[in-house]
Structures are given as C-alpha cells and as structure tokens.
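Please consider the sequence and the three-dimensional model shown here. The paragraphs after it lead from the overall fold to one part of the surface.

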Amino acid sequence: KIQRFLNNPWTETVLGGVITLNFVLILLETDSRAWYPGRGLGTRPKWLVDLEGVCLAIFGAELALRIVADGTKFHRKMWNLLDALIVAIGVSDLILSLAGIEMGSLGIVRVLRLCRLLRLLRVL
C-alpha cells in the first residue's frame, strides 16, 4: 500500500511541487546572502526558514515511507541514497543552525545542499 501511494501520479505531482518550491527557496536564500553578505542566518526572513523546514519535513516523511516500503531493497536504488544524503544534509544544517552555527557558509556544504536540485530529475 505504501509503495502504491508513493508511486501514485498525484503523490508524485505533489512531491514535484514541493521540490520546485524548495528550488525557489534555495534561489531566494542565495539571493538574500548576496544582498547581505557576511550577516549569516539573520538575513533570511522567518517565513523562508519556516518553509525550508516544511520542505525538509516532507522530504523526511517521504524518505521514511520509502525505507518502510522498500525494506532491505532500499539501498539498491540510487534515488533513495541521494534522497537520504539530501535529507541528512538538511537535518544537519537545521541542527547546526539552531545551535548558532551556520553550515551554509561552508563551501562544500553549500555544494552538497545544491544536490536537492537533483530531485527535480526524479519527477521528470
């Protein structure tokens, strides 16, 4: 049942919308950092941070459902591993930002966060 739900065209359309929203949020975050360089997380509006959290929660829920649905075959699908990496980076970013450490300012982490954009390929 879970696999059927995840593969339902409606579910894939909704997830594609969330991925697209997340893409726009990354663009807005990058733009805010360009306008206010060196000021850190304080330059991002609260609504932007909140929407990024909602996207991360949805991605995390999808990942959990895929783990349950695929069971021991989960690790055999490249998209699942990419999703797990993206969610892990998002959760790490969230935890560190709550601790006052801005992970996004580290070059390699910023590049890894852009991996979220690869999720758009999954919908296409």
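**From contacts to a surface patch**

Among contacts in the chain between residues at least 6 apart in sequence, 65% join residues at least 24 apart. The elements that carry the chain are six helices, with zero strands, so that the order from the N terminus on reads α-α-α-α-α-α.

The model is predicted, and its confidence should be read alongside the fold. The mean pLDDT of the chain is 79, and 73% of the residues reach 70 or more. Among the elements, helix H3 (residues 46-70) has the highest mean pLDDT, 91, whereas helix H5 (residues 107-113) has the lowest, 60.

Helices H2 (9-35) and H3 are the elements that give two or more residues to the patch. The largest share, three residues, comes from H2.

Is Val24 buried, partly exposed or exposed? Its relative accessible area is 37%; because buried means under 20% and exposed means over 50%, Val24 counts as partly exposed.

Note on methods: Residues numbered from 1 in each chain as written. Predicted model: local features only at pLDDT ≥ 70, side-chain atom pairs only at ≥ 80, totals over all residues. Heavy atoms only, no water. pLDDT = per-residue confidence, 0-100. Helix = DSSP H or I, 4+ residues; strand = E, 2+ residues; numbered from the N terminus. Contact = heavy atoms within 4.5 Å. Buried < 20%, exposed > 50% of the residue type's maximum accessible area, 1.4 Å probe, protein only.
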